[in-house]
Every structure is written in C-alpha cells, then in structure tokens.
Amino acid sequence: MPENLPADTELPDVDVFICTADPIKEPVVEVMNTVLSAMSLDYPPEKLAVYLSDDGGAAVTLYAIKEAYGFARVWVPFCRKYGIKTICPDAFFSSFGDEYLMGRNESKNEEADIKTAYEVFKKNVEKVSSVEGSVRMDRPPYIEVIHDTMKNERGEDKQSKLPLLVYMSRERRPSCPHRFKAGALNALLRVSGVMSNAPYMLVLDCDMYCNDPSSAKQAMCFHLDHNISTTLSYVQFPQTFYNVSKNDIYDAQSRSAYKNKYQGMDGVGGTVCAGTGYYLKKEALYGSPINQDNMTPLFLKAQSEYKWESLLYQSEESLQEAEEKFGSSRKFIKSINSLNDQTNRKEILCDEMIDEAKTIASCTFEENTSWGKEIGYSYNSLLESSYTGYLLHSRGWKSVYLYPKRPCFLGCSTIDMKDALVQLMKWASGLVQVGLSKYSPLTYGVMSRMPLVQNMCYGYFMFSHFLSIPCFLYGIVPPLCFLSGTPLFPKVTSPWFALFTTIFLSSLAEHLYEVFSSGGNLRTWWNEQRIWIIKTVTACLFGCLDVLMKWLGVAKANFRLTNKAIDEEKLRKYEKGKFDFQGAKLFMVPLTFLVVFNVVCFIFGMKRLVLERNFEEMFGQGFLSFYVLVLSYPILEGLVSKKAK
C-alpha cells in the first residue's frame, strides 16, 4: 500500500530509460511528450533521472530535448501545483482532458499560458523536424547533460525542481555490431551507472508516455516489500493504448495476453517482460538472487538478507575479474558496488564524468566482456526484454504484474494491417528463435530454477506460432476434399460427429467466456476470431519462416521498427472498422491464395453436394468451408475494392 512507503527522502533513486531510433517513424514531438511525462512523475526530483537514447543520432532529437527542457520548466511545476494526473502535455491539451484535484477555475489563466507555451514548443520542433530529420549511421558517441539535478540547489522551491535529464547517442560504426535496442539499453545501464547510479530503472518505449504520476510509487510498494523484494526483479505494467477504436479490428489491445494470460502467469512466478512500462531492479541484470547458488561475486548472503559488498576492490585479482565481465571502466565497477548507496550522487556532473560516459558508450567497450551474455540485456534475441525476462526467471528471479484501474502508461497502437502484421512477425520470429535455441523451455527451462507451470507458459508463447502450419493446411485440405467429394469427418448421424461438434463449440464458448469475463462483448469475440485466423496464416507463418531462413544463413537479423507516425486516412478507415491492406503485399500472398482457393472449392463443392445429395458425409466440411469464408469476408472485401480501384 502506498501509505506504507517510507518518506520521500528515504525512497530509492530511479532512472528512466527512453529509446528512440528514427525521427521519421517515431515523430520527435511524440518522443518529447514521453520525456516530459517521465519528468513529471510524482517522485522526488533529486531521486529521478531521465535518459533519452537516440540510436539515430539525429540533430533534431537533440534540439527537441533542449526545447522540451525549456517547456518542462513551466509544465512540471504546473502539474505538481494542481495535482495533474494526465502528465503528458499532448494528452492533457487534447480531448482526453483531466480531473483537477484543486478545481479547474483556479488554473484557467495559467492553463492558457501553458498551452500557448506548448504550441510554441511543438511548432519549433516540427519546423526543425521537416529540415533535419536524417539518421546518422556512422558517428562517435555523444552525451550531453541537458539539466543537472544538483543545479536545483539555487534557492528553487520544491515545485520548480526538475530531475536529471541526459541525452545519449552511443557510438555507431558500420563495421561494428549494433545490437539494436538491447545494445542501447546496456549502454544506458553503464552511462547511468557513472552519472546517477539509481538501483531501479523504468524502461519506456518512445511512444509509451506516463499516464499516472504515481506509477513509480506503485512499483516501489512491491520493490520495498521485505517479504518479496529479495527475489523480485521487475514490476510489469500492461501495455495500454489511447488510440484503440471501439471496434478494435486488429486486436491492438492484445486483450487475451494482457487481461488473461499475463494475469495467470503472475500467479506462478511472474509474467513475460513486455519491453516497456516496467520498473526493474538493476541488480537482477548483474547476477542471480543471493539466496541461491550465485555465479557472480557481487552478491553475498549476510544474516539471510541481501547485502552488497565491495569484493571487487579487495585485491587486484578481483578487480581484473570484474573488468573481464563488466569492461575496463573502474568507475562503472565502483558504481555497481554502491548501487544501494543513497548518498552516492552528491556532486555536479563534470566533464571528466561525461568523458567516462562517452567511453563506455563506445562500440569497442563491450569486446571480450560478458555484456549481452551473462550481464545486462541479452543479445541472443531481438526481443531483448522478453528474452532477458525469461532468463531472469530461469535464474530464480520473480516478477509482479500490476494492472491498476487507471492505466499508468499509454501508447500508440498500430492502425493498419501492415504494421500490425510486421509487429507480430517480429515477435513470432524472436520467440520461435528462442524456443528452438539451447535456451528452449523444453531443455534449459526445465533444468532451471523456474517453476514448471511458469516454464510451460513460456513454452506456449514460444511454440504457439507453429499453429500457423496446421491452420494453413486446414485452409487447403478440407476445401480440396470438399471439392473432390472426399469425406474427412464422420457422418452427421455418427456418434463421433458429436465429439467433433463438442470440441469445436466448446473452443468457441471458452473464448467467448474469456472475452466476457475481461470486459469484452460479442463484437470483441468476433473481431478476435477473424484477426486470429488472419495473423496466424500470415505473420506467424512468416515469423517461423524467418527463423528458418536465418538458420540456413539466407537472411540476417533485422530489427523492424514499427511506424508510429499516424496517417489520417488510415486512421479514418480504422475508426470505421474497415481493414486496410495497403503496403502488406507480402502478407497478402497466402491470404489471397487461401481465400480464392476456398471460394472456388466452396462453390463447386456445394454444386457437387446438391447433385450427389451426400449431406450426411459432407456436412462437416461444407460447414467448415462456410465458416472460414465468413471469417475471411474482410479480405474478400479488400480484394474486391482493390480490383475496383
């Protein structure tokens, strides 16, 4: 309970990590809204640090964060003064509005001034974005402290104090492996270690802004609970989206995962790490829980409690051992040993410290170290957070899934078929790759410290994408047999037909019950039925093929960045509940083939059924073909409209 938390002066420090990579696909104004919302969290500003990792190295992003800091000097005090809950300025000034704790009339004039300042900030950033939006693929490391917390000590009142704000663009060279988001997060771990060195961190996608200022304190209710904190690695919040339509034809809210499966996994040791909206204890990324067999000298058991000891400085030999794991930066190694030291950060960040941060953000720093293997985020999968969460659970760490009534984080969901399928293909490829690796739940997971049921849940997430193969076959074999008059299922009069019917209907009923129990309706159920079939025979199938191609050496690992920029025409289509297949040519190949094939087989199969009158034998296949065609109606509609154009 929040009332049981210690005083603000005794709360642990928190670092906020925000990653962006492309100012075109990830609009800069949207990224800055996420930064501003993080700076406005209801947490002591001297204990909060916000880091923005710009993997694109774009000049506009650096310019924008400086502009955002200027606006934050009026926005953050305004939020604190009136107890604003919608701490993202764009959401606050939109139709979403906010509930004032002190009344709307008292702040009417001040709100107008703040809105004017926001419009100026937004206009300036958008103007520069149209000119300087290019990404630099070959660049040295660059780190700039936009605002230093220690400079708050100049007579500022409590409401005006701002957290530490740092811009980081790690080194990127074509000849060196980039490691995608996992590399950016590991660089942020090291840079934050020598700058603010908070024991906890919040990871956010650049479009997932903070929607509740109390999220940090909600997470600390678990991290500071002595009954569970010793083995607790992270507190995961659900991914919730502000632009999901009532129809939600693409199942953007992922209702089944976030409202059902994740809640279930929470009861057996912890759920999947979703990649954003989680508060993680940094210790978890450096070793195993201390009350178990440990693989690193950083953790010691002392009177059955966690305790950090400076073992690495007891001898030159231990220092060398630490450098082999963590790299050559002794300042970073020292920061690991003082993670829980509340008095660690007391000086203004100097040039020497920034130079050290640039060194550990270079391409060559991780060479011959344990980064990406035993330390930090793993490089074995493009789903860095989910895979790292799986490894944490396998080492004995636990996690918590927190689903509050008010969403603590809100993001922008995909609003067209292409982006929805590309995103799912990326997830499917990453999960299947782990499932077929030496870290598979079938082998590594069974022998790990993870509870068996939790390991089975991970197995489900990793292997369920292979359902695409039988689904694809179901789209070919039954229609073909229906066309040729070959019976596949028992006669309607056979007792075995009742078994098939029971299984089919009970599956639909179970899904319907799950939807109703989580606040959905009949339309939600029907939309999920349709999109599940579409996604299974496209994105999931291509995800499995992607893993096969990488294994054969035909394709290389490629991070597919989801487009966050909103197209107004696509948005109108989405809100009307019309499927938009524009740009999804690759995925339309199996879809078009299956739909056209089923239409032809159904028409001529029905003709044969009428002529031969073998209803008892062919009813099952006829009904199945009809059901598939009903589910495929949006695809037929899309094909017809495309042909008409």
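Start by selecting F626, which is partly exposed at a relative accessible area of 45%; here buried means under 20% relative accessible area, exposed over 50%, and partly exposed in between, with a 1.4 Å probe and protein chains only. This is a predicted model, in which local features need pLDDT of at least 70 and side-chain atom pairs count only at pLDDT 80 or more, while totals for chains, interfaces and linings use all residues. Residues are numbered from 1 along each chain as its sequence is written, and side-chain values use heavy atoms, leaving out hydrogens and water.

The model has 46 aromatic pairs, where rings of Phe, Tyr and Trp (its six-membered ring) pair if their centres lie within 6.5 Å, and planes under 30 degrees apart count as stacked, over 60 as edge-to-face and the rest as tilted. Colour F463 and F466 for one of them: their ring centres are 6.4 Å apart and their planes at 20 degrees, so this pair is stacked. Both are partly exposed, F463 at 23% and F466 at 29%. Then go back to F602 and F626, whose pair is tilted, with 6.3 Å centre to centre and 35 degrees between the planes. F602 lies in helix α20 (residues 585–612) and F626 in helix α21 (residues 615–631), so the pair ties together parts 24 residues apart in sequence. Helices (H or I, at least four residues) and strands (E, at least two) are DSSP runs, numbered from the N terminus.

For a group of rings, select F71, W75, F78, Y82, F92, F93, Y118 and F121, which form one aromatic cluster.

Now move to K181 and D205, which the unreviewed UniProt entry annotates as "binding site". UniProt positions follow the numbering used here, feature names are shortened, and annotations may be inferred rather than shown by experiment. What joins the side chains of K181 and D205? Look for a polar contact of 2.7 Å, meaning a pair of N or O atoms within 3.5 Å; within protein, one must be able to donate a hydrogen and the other to accept it, and residues adjacent in sequence count only if both atoms are side-chain atoms.

K181 sits in helix α5 (residues 180–195) and is buried at 14%. D205 belongs to strand β5 (residues 200–205) and is partly exposed at 22%.

Finally, show R190 with W371: the charged end of R190 sits over the ring of W371, 4.8 Å from its centre. The rule asks for NZ of Lys or CZ of Arg within 6 Å of the ring centre and within 35 degrees of the ring normal.
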